[in-house]
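Dear colleague,

Please find below the structure that I am handing over to you. My notes on it follow directly after the display.

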Amino acid sequence: MEEMGAEKRRLVVIGGGIAGSMLAKSLQFHADVTFIDPKEYFEITWANLRTMVEPSFGERSVINHRDYFTNGCIVTSTAIGITETEVLTADDRSIPYDYLVIATGHSDPVPKTRMERLMEYQAENEKIKSAQYVLIVGGGPTGVELAGEISFDFPEKHVTLVHSGSRLLEFIGPKASAKTLQWLTSKRVEVKLEQRVDLNSFTDSNGSKIYHTTAGESIKADCHFLCTGKPLGSEWLKGTILKNNLDGQGRLMVDEYLRVKGRKNIFAIGDITDVPEIKQGYLAQKHALVAAENLKLLMAGGKERKMSTYKPGSSTAIVSLGRRNAVAQFPYTTLIGIFPGMIKSRDLFVGKTRKERGLQPR
């Protein structure tokens, strides 16, 4: 334990997503924390698609960092460099650290302020409401969940989903993919597999746009949403002391304690790591809790051999299908319908996630 009056260690946390926000909140009274993020808020990202069809949902899922991180310094900027002792930011700051946590996840350009983000969702909602034909490109969890949300809230819309792969939700098993395709088809979502569409090439037709797929099919759309994968937020690390700690896919290589391999005082958590598991929010939060325990131990002078190890998560995954249904893959079975929907789809774990950060669920 730290002695009374002992000077707190300087901890810098880079990235204000699921993992970074959880760790900063957990350690704000155990260290002198500086929290670096280019935006002023934390967003419960798996609620994004619900917020597009119901903008008021964002009042709970888009949260200013200062609402839960009350004891530390927030630097609203982008980290651009790391030395052995400092983090460099885009606004010319040099922030010293004793311990460093990198949680930059995926690169996703979003507005700086919470109000601007909520206004973005309002604009997306207006776009959906005014459209008769909606095109979704990408059949991963984002594209599937958006198709489910729109088909549930706006059953009169004609939704087309185009995916380049041979099945939907390729990150989980084929049984879950088949059940998801069947559910979407039952909701009159038109799914086109093994096709691509060039969003920059279209013809106008009475105010709508006509896009063409690689299979020669035509798709009418009043608006479109690109739901393909986002790049990892690690490009900036290639010019830092951690350039040799990135694997071939741009992920930071970590040990069983979630420390960057070969580094005693630098941790990495969340999607940016090379932990062999499906990248999901609830696992990123587990990373944060394990790393927080290890940092508490090290900052208090504890022995390394007492650090907690992180065991990669199972193949469990739940993808929402509208407000009542979901498809769930568990280690030994796959379910679709109201039961898995009761686990996730109604509130999308927003109340639970808020509570974990010391906030009122509603």
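Is E235 buried or exposed? E235 is exposed, with a relative accessible area of 56%. Please note that the model is a predicted one.

**Salt bridges**

E235 forms a salt bridge with K238, and the N to O distance between their side chains is 3.1 Å. K238 itself is partly exposed, its relative accessible area being 47%. This pair belongs to a count of 26 salt bridges.

A further pair joins R10 and D98, whose side chains meet with an N to O distance of 3.1 Å. R10 lies in strand β1 (residues 10-14), whereas D98 lies in the loop between β8 (94-96) and β9 (99-102); the two are 88 residues apart, and the pair thus links distant parts of the chain. R10 has a relative accessible area of 34% and is partly exposed. D98 counts as buried because its relative accessibility is 19%, and the cut-off for that class is under 20%.

In the salt bridge between K157 and E156, the closest N and O atoms are 4.0 Å apart. K157 is buried, at 9% relative accessibility, whereas E156 is exposed, at 52%.

Salt bridges also connect D255, R259, K264 and E304 in a network.

**Strand β16 and its partner**

Side chains in a regular strand alternate between the two faces of the sheet. Strand β16 pairs with strand β10 (residues 133-137) in the parallel sense, over 4 bridges. Within this pairing, F225 of β16 has I136 opposite.

**Positive phi angles**

L348, although not a glycine, has a positive phi of about 55°. L348 counts as buried because its relative accessibility is 1%. At 30% relative accessibility, F349 counts as partly exposed.

With kind regards

Definitions and conventions
Residues numbered from 1 in each chain as written. Predicted model: local features only at pLDDT ≥ 70, side-chain atom pairs only at ≥ 80, totals over all residues. Heavy atoms only, no water. Buried < 20%, exposed > 50% of the residue type's maximum accessible area, 1.4 Å probe, protein only. Pairing = 2+ DSSP bridges.
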